[in-house]
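Thanks for coming. Please have the sequence and the model open while I talk.

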Amino acid sequence: LDGSFDSDGCRTLRSFLDPKESCRATDAAIAPDDTIIVIGNCSADTLPERPFIARLTLSGGLDLGFGAGVGMVTPALPVASAYAQHFDAVTVRPDGRIAVLGTFEMASNGVYDLELGLVQFDNGGSSDTSFSDDGFQSFAFDLGGDNHDRARDLALHADGRLLALGETKLLASRQTLALLAQVDADGHPDSGFGANGKR
């Protein structure tokens, strides 16, 4: 363990939303300025699962230039049609903006299911509303079975496009399928990829 990192090589994170919360980091990325972006999710008996984004300095401390002087943000749901969110993967753009892939419980015509969702934040931790016009882009594959699409990983192309990886299970055939979704640099579905950005 690197003793120069938080004095013992290990940094624990929590949201402080609940005194009995359980928090789990799910991914991390190095930003262009060498800070460390960490995402995860916290929950408790009286706390519905809530994601967090933290930015750490090279020495492992919370970067107080992020999250309005706190070093961490716990984002609210991005749109009114989302009822729950779980952050799974993160990447950082060359200008410091943070793109996050998550699994979102969405409502459509009175039906709830899980969909892949991309959220983008500026380098201060606020929602980047220039991304997909409101900071959020979801993808509903809905291939049958339980219609639950789960996020797995996220990659950033050199030209700014984002490629999201997910999976879904087809209950009748007992198959698990890989899902790919791609957006352009502005967060809109990439019409040149699969069917309106989905494959």
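Buried means under 20% relative accessible area, exposed means over 50%, and partly exposed lies in between, with a 1.4 Å probe and protein chains only. By that scale D159 is partly exposed, at 48% relative accessibility.

Some ground rules. This is a predicted model, in which local features need pLDDT of at least 70 and side-chain atom pairs count only at pLDDT 80 or more, while totals for chains, interfaces and linings use all residues. Residues are numbered from 1 along each chain as its sequence is written, and side-chain values use heavy atoms, with hydrogens and water left out.

Back to D159. Its side chain meets that of R161 in a salt bridge at 2.9 Å, N to O. A salt bridge here is a side-chain nitrogen of Lys or Arg within 4 Å of a carboxyl oxygen of Asp or Glu. R161 is partly exposed too, at 26%. Side chains of opposite charge can pair when their charged atoms come close.

How many salt bridges does this rule give? The count is eight. Another one joins E21 and R14, at 2.9 Å, N to O. E21 is buried at 13%, and R14 is partly exposed at 29%.

Next, D128 and R97, whose side chains form a salt bridge at 3.1 Å, N to O. D128 sits in the loop between β7 and β8 and R97 in the loop between β5 and β6, so the pair ties together parts 31 residues apart in sequence. Strands are DSSP runs (E, at least two residues), numbered from the N terminus. D128 is buried, at 8%, whereas R97 is partly exposed, at 23%.

Now the inside. A nonpolar core is a set of buried Ala, Val, Leu, Ile, Met, Phe, Trp, Tyr and Cys residues joined through side-chain atoms within 4.5 Å. The largest has 18 residues, and those with the most contacts inside it include I37, F87 and I98. Two or more residues come from each of β2 (36-44), β5 (82-92), β6 (98-108) and β7 (111-121). Another core, of 15 residues, lies apart from it, with F141 and L162 among its members.

Last, Q137. Where is Q137? It belongs to strand β8, residues 136-139. Q137 is buried, with a relative accessible area of 14%. Its side chain makes a polar contact with the side chain of S132 at 2.9 Å. A polar contact is a pair of N or O atoms within 3.5 Å; within protein, one must be able to donate a hydrogen and the other to accept it, and residues adjacent in sequence count only if both atoms are side-chain atoms. The Q137 side chain also reaches the backbone oxygen of G187, at 3.2 Å.

Note on methods. Helices (H or I, at least four residues) and strands (E, at least two) are DSSP runs, numbered from the N terminus.
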